[in-house]
Amino acid sequence: GDYVDTVDNRYYSVFSTESSTLAPGITQEIKKAMSADNKQMVYYIATADITREDVNVYANYNNNDPAAGWAMQRVLDQANAAQEKYGNPDSKHYIENYNVIASTNGAGYDMSTGEPGGLLVMNGKEYHGINSNGFFGILKDGTAVIGTTQEYNTIYKGQVAEGIAGFGSTLIKDGKVKITGTTDYFNDRASRTAVGITATGKVVLMVLDGRQEPVSCGGSMEEIAQIMLEAGCVDAVNLDGGGSTTYVAKPEGADKLEVISNPSDGAARSVATTLMMVST
């Protein structure tokens, strides 16, 4: 593939890339790679140029309405709920040309109640406070940020328009890999979801299929950090993985969102928070 290896081929090498433009300013890449120990990895990268006025990234929740109480809903159903709420001309919330283009699962959560594990901010309103996992957010000035809990409390609180918690690990900080954990969670391969920000302020969502060899072995934290570097990220944070990992998109030329990734439970799991890329 069109892979420039910056780490002496230590982690993986891409052998196939399928690129498409899903909407103006939103691109998708489906990549197949071979790990250093010769196992196949399949992953999906959606990149949104949020410097454009017609491209936005939003946090989402069950029926696009966390005020209704904690709940769980599949990524596809959450995206469709937002599409119906804002894209339907009969809705009081109608936004012209509103189109959900891509979405992934988000932060960790209480699997019995759907309460988010950490920050949830939608449309400038904080529905759940921050925990120790830091956050990814879109500020009210339209820029993306990944920050620590301390940075949220001292710098960003009140400035965030859309935000969710990270999950357990910073992957990249200031252009350098920052993997500090050494537990099995960091080292074992699994299905993974991550979000990152490029040097030019674009937002990258990444989903890696896992737990389904020989099709896709998943990745360690180090491996997904390298994937995010390869995608141009200067900052990136891990999101919830395993059976929660889901990538939904509206393929080029299609009129409906669909699950593009292969969730490791065999079917998409109901989750709490999600992130979505929207074109207007």
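Guide: In this predicted model, the count of disulfides comes to zero, where a pair of cysteine sulfur atoms would have to lie within 2.5 Å.

Helix α4 spans residues 221-230. Seven of its ten residues are buried, so the helix is mostly covered. The buried ones are Met221, Glu223, Ile224, Ala225, Gln226, Ile227 and Met228. After α4 comes Gly232, with a positive phi near 95 degrees.

The largest nonpolar core has 48 residues, and the members touching the most others are Phe136, Val203, Tyr247 and Met277. For Val203, leaving out residues up to four places away in sequence, the contacts include Ala46, Ile50, Val57, Phe136, Ile138, Val195 and Met277.

Next, the sheet. Five strands form an open sheet in the order β4-β20-β6-β17-β18, with antiparallel pairing. The edges are β4 (55-60) and β18 (258-259); each has a single partner strand, so one side of each is left without a neighbour in the sheet. Helix α1 (residues 75-87) packs on this sheet and touches β4, β6, β17, β18 and β20, its direction making about 150 degrees with that of β6. Strand β17 (residues 247-249) is joined to β18 by two bridges, and Val248 has Val259 as its bridge partner in β18.

Last, the rings. Across the whole structure there are eight aromatic pairs. One of them is Phe167 with Tyr185, edge-to-face, at 6.1 Å centre to centre and 65 degrees between the planes. Phe167 sits in the loop between β11 and β12 while Tyr185 is in helix α3 (residues 184-187), so this pair ties together parts 18 residues apart in sequence. Both are partly exposed: Phe167 has a relative accessible area of 24%, and Tyr185 has 34%. Tyr185 also pairs edge-to-face with Phe186, at 5.9 Å centre to centre and 90 degrees between the planes. Elsewhere, ring pairs link Phe135, Tyr152 and Tyr156 into a cluster.

Methods: Residues are numbered from 1 along each chain as its sequence is written. This is a predicted model: local features need pLDDT of at least 70, side-chain atom pairs count only at pLDDT 80 or more; totals for chains, interfaces and linings use all residues. Side-chain values use heavy atoms; hydrogens and water are left out. Buried means under 20% relative accessible area, exposed over 50%, partly exposed in between (1.4 Å probe, protein chains only). Helices (H or I, at least four residues) and strands (E, at least two) are DSSP runs, numbered from the N terminus. Two strands pair if DSSP finds at least two bridges between them. Contact means heavy atoms within 4.5 Å. Axes are lines fitted to C-alpha atoms, for helices over the stretch in contact, and angles run from 0 to 180 degrees between N-to-C directions. A nonpolar core is a set of buried Ala, Val, Leu, Ile, Met, Phe, Trp, Tyr and Cys residues joined through side-chain atoms within 4.5 Å. Rings of Phe, Tyr and Trp (its six-membered ring) pair if their centres lie within 6.5 Å; planes under 30 degrees apart count as stacked, over 60 as edge-to-face and the rest as tilted.
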